[in-house]
Amino acid sequence: MNPFDRTDKFESRHIGTLGTDLVSILRTMGLHSPEQLIQETIPEHILRKDKMDIPEALSEFDFLNELKTIANKNKNYKSFIGQGYYGTVTPSVISRNVFQNPGWYTQYTPYQAEIAQGRLEALLNFQTMVSDLTGMPIANASLLDEGTAAAEAMLMFYHAKAGKNKEQSPNVFFVDKNVYAQTLAVLQSRAWPNQVQIVIGDVHLDPIPEKCFGILIQYPDGEGSVYDYKNVIQKAKDQSCFVAMATDLMALCLLKSPGELGADVAFGNSQRFGVPLGFGGPHAAFFATKEDFKRDLPGRIIGVSIDVHGNRALRMALQTREQHIRREKATSNICTAQALLAIMASMYSVYHGPEGLYRIARRIHDMACSLSEALVALGYASQTKHFFDTVSIKTSPETMQAIRMEAENRKMNFWYTDHSVQIALDETATEEQLKTISSIFAKVAGKTDPLLIPSTKIALPDSLVRTSEYLTHPIFNSKHTESAMMRYIKSLENKDLSLVHSMISLGSCTMKLNAASELIPVSWAEFSEVHPFVPVDQAEGYMTMIHQLEKYLCEVTGFTACSLQPNSGAQGEFAGLLTIKAYHDAKGDHHRKIALIPASAHGTNPASAVVAGMDVVVTACDENGNIVVEDIRAKAELHKDNLACLMVTYPSTHGVFETTIQEICKIVHDLGGLVYMDGANMNAQVGLTSPAVIGADVCHLNLHKTFAIPHGGGGPGMGPICVNDKLKPYLPGHPYMDVLNTGKSVPAVSAAPYGSASILLISYAYIRMLGPVGMTKSTIHAILNANYIADRLGKRFKVLYKGEKGRVAHELILDLRPYKDVGISAEDVAKRLMDYGFHAPTLSFPVAGTIMIEPTESENLEELDRFCDALLSIHDEIDEIARGEYPAEDNVLHNAPHTAAVITSDDWSRPYSRQKAAFPLPFLTPVNKFWPTISRVNNAHGDRNLVCTCPPIEEYMR
């Protein structure tokens, strides 16, 4: 060993069971080495024979220094590009206490409402903010980006109009010519496989096409113009067409709302409400609509309900209408959202309130008016009569080029079209920058710099000046000092269990460590302030990181090309299936539309297949959880002429490495199909095997699982796809960046060229700091920890599925169905775990009445044992009920979770002690106890009485 090498290795910080913990685990399990366990777990014929060709690990210190050098390659010019992305001021109280706070970013999706009331309230605030500003009665808790929101609106309208005979149903979507180009591209990626025809035209002048089911308008539009669309909307209504409006929340602080204009859907990007640009993301899209669509609305809805004691309780409403739960009957594949970014946007609105937002919006508009007047005084012609924030100047190509050169010399970016220069102002703009812009135009015109005079005019149509109130709820009118805001944020954080409290063992979710050194660079200005549409030479640092990450992910998967564009796992599935469709179409096999999907698959698999225009054929699994090879063979043979692909998860959703996987892939290949591998369980593959080795053609990777991007309470995520040479030409393109230069790319699947680009830094850091050895060790220890838990808990619970040699992969399923005989459900166990300070494992997936546990590699032996002790103690409590020591309907499990208010109440008539309820094991003490803030939620009440905006302030005081 070189004495000058750093001794502090990141792998020792990331992997929890190294050193003495490893010795203890191996001894307990009767193993002589981790390698023995791997040989007993993964079929020998698919084990990787080579070491991954990835650079050796860097220490945290050395990595951050290296990355800073890369970051400095980016040119942080001031961008006035707009097109849906704007500079913004993230209030420090929000940046410090939410964006950079693991108490917020390591939370999971709030399925367990009793320990998620904080983020549920923040997301309810987001919905209320969106509902108020758009003038719509119902809003969801965010979508992935503006382009995706547009596509969701289009498909929601399409299915609402579709009859039993699709050929006779309306199938035309009319898109205004001034909708953002990236939005149009994402629309095309969804329309193409669903036989929806997009017609582009001028909604003011062109007639609505025949068989039209909906129209899309941008408000303000892509040139910055603001039009009164009331007559257009009425014309659409007269022809039974739905209307969607892409809009801007900041503009709506001054403009009449889409709801007031008669639109059916309003959507857009909430990014300029305090969320950094980040080269395209992550940002929270918003989506609001009328009550008529509340059961068709894509994404998640936060609703108000009550708990068993009648106290106000928030929860994810109408969960059974979540599209991925509907599987092959889905009309959308949306599974996740952008919760952390929606929370930031909601906090921005809480902090500024309606008056603060109005002042910010008015300042932006006033600056735009002043700049417009200055440029017109120089002799330039304004292209827009009415606008909010964008000054659009008509120019010749020669003048445009001169302006561009001078602007870039002064480190400024404008937006350039075939006939105009656009300057989109935002809240970060200053008086000095306006003077510089005026000076640029003056120099090109050969004139002296004009005086910049504050405008006294308003450049909005009288008919569109907003008079309706918004954000009237007290929550938006009481937290305007930093002290009040800080305490409010902290009060919500304290209600939620996250990785700062204990392990989160959700199977198929991989809640591993999100290390501080991985997260820190996301906040660096060199990365956070880059607009996604800057000239590529200004993003050299990003491109360096992106190309290296693509190479690393190809090495991990064994494939030859990668697209980092999909910004969620489900979007990765969709993108992968599009490449398969494009491959078959290029061969003239347009009829190949059958997707074989095992019954155990995650619900997004069939949902993504449907959205990609495929027909789902479900294949069987046996009693041991394995895919039935003969059923695959029979159904592949039956559909051989139309077979498009097999979608398969490996290791399986049941948590085992199936030995027949290569045979299964060969069956599909021999009949002309391709194999899509769902990468949800890649944390059991990295360094040991690969999708290419098992026989797949394409896979997606959940960077928010395997590669350490935090879950953020329900987003962000990233779902890049890796493909072999067959599919490489068809990877997604983008209208503003020639991502692959193949000429055969499918349309963009995300609004930004590289999806949520800024969080790619996290996965890049993970790979560079672990290196090939550390990543392989991480996989080994993920499998080791799962088998340790299976070994301990298997003595009392039934581990439902194991491999041929009695081992599980990186996760395991405990069967809780036998306890129904004593009146105990899997949900009772999940809620009781909260009393022990733990988030429940994945509940009733993939098998009803079970829990699926995934400990990851990041937990140490002490934490694994605490978790096992908790479940074994719960088993003892079930035994007590079975023996009749406690009533079947009045016991610690049925009444779980127990809040501090319940425990400290003067009224205690339960047949067990307060000590047993709240402190059942020695590691639980009043000092370290995590308390659920509400008792068990009444879900039925919430669905019967759907309330999706902030209730009256009195409700908060109960």
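This is a predicted model: local features need pLDDT of at least 70, side-chain atom pairs count only at pLDDT 80 or more; totals for chains, interfaces and linings use all residues.

1. Cis peptides. The bond from G715 to P716 is cis, with omega near 20°. A cis bond also joins Y219 and P220, where omega is about -10°. P220 belongs to the loop that runs between β5 (212–219) and α10 (230–238).

2. Positive phi at T510. Although T510 is not a glycine, its phi is positive, at about 50°. The residue lies in the loop between α15 and α16 (516–519). Is T510 buried or exposed? Its relative accessible area is 1%, under the 20% limit, so T510 is buried.

3. Positive phi at T856. Here phi is about 65°, again positive in a residue that is not a glycine. T856 is placed in the loop between β26 (850–853) and α26 (861–882). With a relative accessible area of 1%, T856 counts as buried.

4. Cysteines. How many disulfides does the model contain? The count is zero. A disulfide requires two cysteine sulfur atoms within 2.5 Å. For C562 the closest cysteine sulfur is that of C722, and the 3.9 Å between them is too far for a bond. C562 is buried, at 5% relative accessibility. For C868 the closest cysteine sulfur belongs to C509, at 19 Å, which is also too far for a bond. C868 is buried as well, with a relative accessibility of 0%.

5. Helices α5 and α15. Two packed helices are described by the angle between their axes and by the distance between those axes. For helix α5 (residues 92–99) and helix α15 (residues 482–493), the axes come within 10 Å and cross at roughly 15°. Angles under 35 degrees count as roughly parallel, and therefore α5 is roughly parallel to α15. The crossing of this pair is right-handed. On the α5 side the contact is made by V93, I94, N97 and V98, and on the α15 side by E482, M485, M486 and I489. By class, these residues divide into six nonpolar, one polar and one charged.

6. Helices α12 and α15. Helix α12 (residues 339–377) packs against α15 at an angle of about 145°, with the axes 10 Å apart. The crossing of α12 and α15 is right-handed. M347, V350 and Y351 of α12 meet E482, M485, Y488, I489 and L492 of α15. The contact has seven nonpolar residues, no polar residues and one charged residue. E482, M485 and I489 are among the α15 residues listed for the contact with α12, and they are also among those listed for the contact with α5.

7. Helices α24 and α26. The axes of helix α24 (residues 760–793) and α26 come within 10 Å and cross at roughly 35°. α24 passes α26 in a right-handed crossing. From α24 the contact takes N785, Y788, I789, R792 and L793; from α26 it takes L861, L864, D865, F867, C868, D869, L871 and L872. The classes are nine nonpolar, one polar and three charged. C868, listed in this contact, is the cysteine with 0% relative accessibility discussed under point 5.

8. S349. This residue is located in helix α12 and is buried, at 0% relative accessibility. Which residues does S349 contact, leaving aside its neighbours within four places in sequence? They are M129, F273, L357, L471 and F476.

9. A917. This alanine lies in helix α28 (residues 914–918) and is buried, with a relative accessibility of 0%. Neighbours within four places in sequence left aside, A917 is in contact with R832, D835, V892, H898, I903, W908 and Y912.

Notes. Residues are numbered from 1 along each chain as its sequence is written. Side-chain values use heavy atoms; hydrogens and water are left out. Axes are lines fitted to C-alpha atoms, for helices over the stretch in contact, and angles run from 0 to 180 degrees between N-to-C directions. Helices (H or I, at least four residues) and strands (E, at least two) are DSSP runs, numbered from the N terminus. Angles under 35 degrees count as roughly parallel, over 145 as roughly antiparallel, 65 to 115 as roughly perpendicular and the rest as oblique. A crossing is left-handed if the near helix is turned anticlockwise from the far one by less than a right angle, and right-handed if clockwise. Contact means heavy atoms within 4.5 Å. Ala, Val, Leu, Ile, Met, Phe, Trp, Tyr, Cys and Pro count as nonpolar, Asp, Glu, Lys and Arg as charged, and the others, Gly among them, as polar. Buried means under 20% relative accessible area, exposed over 50%, partly exposed in between (1.4 Å probe, protein chains only).
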